[in-house]
Amino acid sequence: MSTITIIGAGSWGSGLSLLLADNKHTVKVYDLDHDLIEEINTKHTNEKYLPGAKLPKNITGYHDLHKALLDSEVVVTVVPTKVMRNALKSVNKALDHSVIFVNASKGIEPKTFKRVSEIVYEEIHPDKIKGFVALTGPSHAEEVIQRQLTTITAASDHLELAKKVQVLFNNDEYFRVYTLHDLTGAELGGSLKNIIALAAGIIAGLGYGDNAKAALITRGLAEMRRLAVKVGAKEETLFGLTGIGDLIVTATSLHSRNYQAGLKIGRGKNLKETLASMTMVVEGARSCEAAYQYAKDLNVDMPIVFAVYDVVFNQREPEEVIKELMQRNLKSE
Ligand SMILES: NC(=O)c1ccc[n+]([C@@H]2O[C@H](COP(=O)([O-])OP(=O)(O)OC[C@H]3O[C@@H](n4cnc5c(N)ncnc54)[C@H](O)[C@@H]3O)[C@@H](O)[C@H]2O)c1
């Protein structure tokens, strides 16, 4: 059994802490939100992010990062991507030994287009990192917290490390972990699908039906594949759990914050109002900003991503943008 520190005790951090406690590891969680840490330690609940859920009593919350990292063998990052770099700077300062880094957040850094693995290697001193694994796939915290059946992928450029993380997180009863030897594909799949989920919410908010949703998921996947392959991902990764798998769960479920945000935009709210009305992180908007610039720079055709960008950042009417998408030159699939 291992000692594992989770950075970020929100929805997914709490879901993973329950899983790791079920797997009999020593689980330490750290969060900037002192009240949340207090609640986890005294009431064993997380009412803000997972109302009604009961957390195992052997999960210990910390608001002192150094104490949270003491004796830890594995550090799991689960904070919104926009604060990831800052969170890692703090971890680097507080950490006094070498650990395996596992990232469970999903997103690309706008402007730099960096994936989380790249940010980790930039911010963590080489003496403090044994390697990096991305834990990603179709997984809603709301279902994992109820121990519902889930599959996910441990992806790394070092297969041996992925196998180690697979064993730490796998639970025979409800959480099956596969390994994947394509870190780039896994990280990009997990980030880009959030943009398509935003779009799925927008078309649902506008009142379109299942035909439009199926079209969006299929053509959205084609765009995800185009960009990911261009930057070195394996094509088949996009057809696995971290690609189509995660896309299906995010673009078809009310549990998805990205889908919910899209729904509000489709019903007439703008991005600012939408984000203000949501307690939880919406990664799709920032990933859209990054993917838009990235695709333009690399000359990759991503009409759906460009359309979402237009609606979200240029406040264009969704109906007008959809009309343009439908009126593009005819082509083969
Ligand atoms: N919620 C899910 O079902 C789910 C599933 C898979 C992946 N993810 C991904 O996980 C990431 C986190 O999502 P979430 O839903 O848990 O978000 P959330 O908003 O529920 O929680 C984020 C938590 O991070 C904490 N935090 C912020 N900055 C911090 C810092 N510097 N140090 C420590 N803690 C900090 C916040 O206080 C909050 O408790 C996102 O990238 C998301 O895409 C979420």
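Which helices each supply at least two residues of the shell around the ligand?

Modeller: Happy to! Keep in mind that this is a predicted model. The helices you ask about are α1 (11–22) and α4 (81–94), and each of them gives at least two residues to the shell around the ligand. Next, look at the domains. Domain 1 (3–181) and domain 2 (186–326) each contribute at least three residues to that shell.

Now let us see what kind of residues they are. The shell is made up of 16 nonpolar, 6 polar and 4 charged residues. Among the 26 residues around the ligand, the nearest are S11, W12, D31, A141 and E283.

Let us zoom in on some polar atoms. For S11, a polar side-chain atom is 2.8 Å from an oxygen atom of the ligand. With A141 the backbone takes part: one of its N or O atoms lies 2.7 Å from a ligand oxygen atom. In E283 we are back to a side chain, where an N or O atom is 2.5 Å from an oxygen atom of the ligand. How much of the ligand does the protein cover? On its own, the ligand would expose 840 Å², and the protein buries 89% of that area.

Finally, step back and find the place itself: the ligand takes up the space of the largest pocket.

Conventions. Residues numbered from 1 in each chain as written. Predicted model: local features only at pLDDT ≥ 70, side-chain atom pairs only at ≥ 80, totals over all residues. Heavy atoms only, no water. Near = heavy atom within 4 Å. Polar contact = N/O pair within 3.5 Å; in protein donor to acceptor, adjacent residues only side chain to side chain. Areas by Shrake-Rupley, 256 points an atom, 1.4 Å probe, with all protein chains shown as cover. 1 Å grid on protein atoms, 1.4 Å probe; cavity = no way out; pocket = protein on both sides within 12 Å on 5 of 7 lines; lining within 4 Å. Sits in = over half its atoms within 2 Å of the grid points. Helix = DSSP H or I, 4+ residues; strand = E, 2+ residues; numbered from the N terminus. Nonpolar A, V, L, I, M, F, W, Y, C, P; charged D, E, K, R; others polar. Domains from an automatic or database assignment.
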